[in-house]
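Me: I'd like to learn how to read a few features of a model. Can we go through one together?

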Amino acid sequence: MRSSVVVGMLWMLTVAVAMAAAPAPPKFDGGRAYEYLRQVVAFGPRPAGSPALESTRQYIKKQLAEAGIQVIEQPFDADTPIGRVHMVNLVARIPGASPDRIVFAGHYDTKLFREFRFVGANDAGSSTAFLIEWGRVLKARKNPLTTELLFLDGEEATLPEWDTATKDHTYGSRHYVEAAQKDKSLSSLRAMILVDMIGDRDLNIRRESASSSWLTDAIWAAAKRLKYGDVFLDQTEAIEDDHIPFLDAGVPAVDIIDGPGSYPPWHTAGDTLDKVSARSLQVVGDVLYEALPTIEKRAAARPGRAGF
Ligand SMILES: [Zn+2]
């Protein structure tokens, strides 16, 4: 009896020492992500070129700086149907063992509506907040590849309707890819993972049909392992989004999105805080964290390409 108590105490001591020596990396915290989302939404409507979006940029930079992550601005002027608009992508890099990169992207602009107040809690508060929290998690993780957090400006069309032909949308992602082609940095980009509208309380994410299948498969397999098959559905839909310019340039890419069809408040005054939840952000964070080793393995194995 006595000796088993001593053994038990020794065991507990060993565990305590081991835990002190190797602190667990911070897990994705849906509650923290929700708080970022709440603060971003408090800036009000945040269309491209607006002072509120400039405030949002400063906010993102401050949060990432507190996590020890530096942010670079990528400014550009976009010619849109409503005139020239000054836009800024934010690029935050977390160095890994290899200079080869995985990009996690999302847009942070909200769609311009003049007839009602649109604060975009889900679109794009959720992607903005998610990436800040995701950065905090990755900063504390040992990453085999370099990670880039990419906050994209100008995803939304400036006109009310999304027009595929005139390309009045995805200004930030198209600019990023063009710049990376010009300075030849695209060749070190091994995968692009896009999050968009992932805060819906009633989260339903379908496989996006244009996305690279190996990326989609890795993420859906992770969701199955974590028993989130009710969120990551085995259904497919096609969505035009910021991943398309990357795919067009030959970069494997995936869009993690709860599409407009399953989010009734989409592009209405009703896209407000009460429609999103910390739990939904948590599920996406947990699934991407679980999928990451598989994605990193495959991305690292992909042969480099010449010509970019
Ligand atoms: Zn939108």
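Me: How are the donor residues of the zinc ion spaced in sequence?
Reply: Some ground rules first: this is a predicted model, where local features need pLDDT of at least 70, side-chain atom pairs count only at pLDDT 80 or more, and totals for chains, interfaces and linings use all residues. Residues are numbered from 1 along each chain as its sequence is written, and side-chain values use heavy atoms, leaving out hydrogens and water. Donors are N, O and S atoms within 2.8 Å of the metal (3.2 Å for Na, K and Ca); water is not among the atoms, so sites may look incomplete. Here the spacing is D-x32-E-x110-H. D123 sits in helix α4 (residues 121-139) and H267 in the loop between β8 (253-257) and α8 (278-301), so the pair ties together parts 144 residues apart in sequence. Helices (H or I, at least four residues) and strands (E, at least two) are DSSP runs, numbered from the N terminus.

Me: Which atoms coordinate the zinc ion, and at what range?
Reply: D123 (OD), E156 (OE) and H267 (NE2), at 1.9 to 2.2 Å.

Me: Is D123 buried or exposed?
Reply: Buried means under 20% relative accessible area, exposed over 50%, partly exposed in between (1.4 Å probe, protein chains only). D123 has 2% relative accessibility, so it counts as buried. H267, at 15%, counts as buried too.

Me: Where does S211 lie, and what does its side chain reach?
Reply: S211 is in the loop between β6 (205-208) and α6 (213-225). A polar contact is a pair of N or O atoms within 3.5 Å; within protein, one must be able to donate a hydrogen and the other to accept it, and residues adjacent in sequence count only if both atoms are side-chain atoms. The S211 side chain reaches the backbone nitrogen of D255 at 3.1 Å.
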